Amino acid sequence: MKVIEGFRIFLHLLVGLGACGGGFGALMDPFAPMGLSSEALKTGPFETFLVPGLFLFIVLGLGNLLVLFLTRLLPEFKGYGTAAIGAVLALWIIIQCIFLQGVVSLHVIFFIIGAVQAVIGILYINRLEQWPVYGLACAVRMKK
């Protein structure tokens, strides 16, 4: 489990720092962040990269770093935090591909990273028997 824990930490840092960087770039120049024209957004609901940049910076960037920090303080929640933020990343990539009407290699890479984060979180939840059903099953057993 030490290898998985190290990998979990690495993924949180990779996504957190990368999303903060990308989100910051979109916030600094919402019309053409890092050379990407706002024409790419013509099929989506946004005219600039301001809202996607905020989401990228706050939710995915700071969110991953916050999950990493909080799960160091409260290790019993590492499964839930990692699974949730991984699912958010995977969903964000799907929505982004729909809005941009295209898929590039970075989309595939970060979708896989989000899916891996979610699976790692589920592994922790399972290993620590933290599924809500476990609590319900224990309560039923105790009544009998």
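Predicted model: local features only at pLDDT ≥ 70, side-chain atom pairs only at ≥ 80, totals over all residues.
Trainee: What should I know before reading the values?

Mentor: Local features need pLDDT of at least 70 and side-chain atom pairs count only at pLDDT 80 or more, while totals for chains, interfaces and linings use all residues. Residues are numbered from 1 along each chain as its sequence is written, and side-chain values use heavy atoms, without hydrogens and water.

Trainee: At what angle do the axes of helix H3 and helix H4 cross?

Mentor: Axes are lines fitted to C-alpha atoms, for helices over the stretch in contact, with angles from 0 to 180 degrees between N-to-C directions. Helices are DSSP runs (H or I, at least four residues), numbered from the N terminus. Here the axes of H3 (residues 78-100) and H4 (residues 105-127) cross at roughly 155° and come within 7 Å. H3 is therefore roughly antiparallel to H4 (over 145 degrees).

Trainee: Which residues form the largest nonpolar core?

Mentor: Such a core is a set of buried Ala, Val, Leu, Ile, Met, Phe, Trp, Tyr and Cys residues joined through side-chain atoms within 4.5 Å. Buried means under 20% relative accessible area, with a 1.4 Å probe and protein chains only. The largest has 11 residues, including Leu 11, Trp 92, Cys 97 and Tyr 124. H3 gives the most to this core, with 4 residues.

Trainee: Is Glu 5 buried or exposed?

Mentor: Glu 5, in helix H1, counts as buried because its relative accessibility is 13%. Not counting residues up to four places away in sequence, Glu 5 touches Arg 72, Lys 78 and Tyr 124 (heavy atoms within 4.5 Å).

Methods
Helix = DSSP H or I, 4+ residues; strand = E, 2+ residues; numbered from the N terminus. Parallel < 35°, antiparallel > 145°, perpendicular 65-115°, else oblique. Buried < 20%, exposed > 50% of the residue type's maximum accessible area, 1.4 Å probe, protein only.
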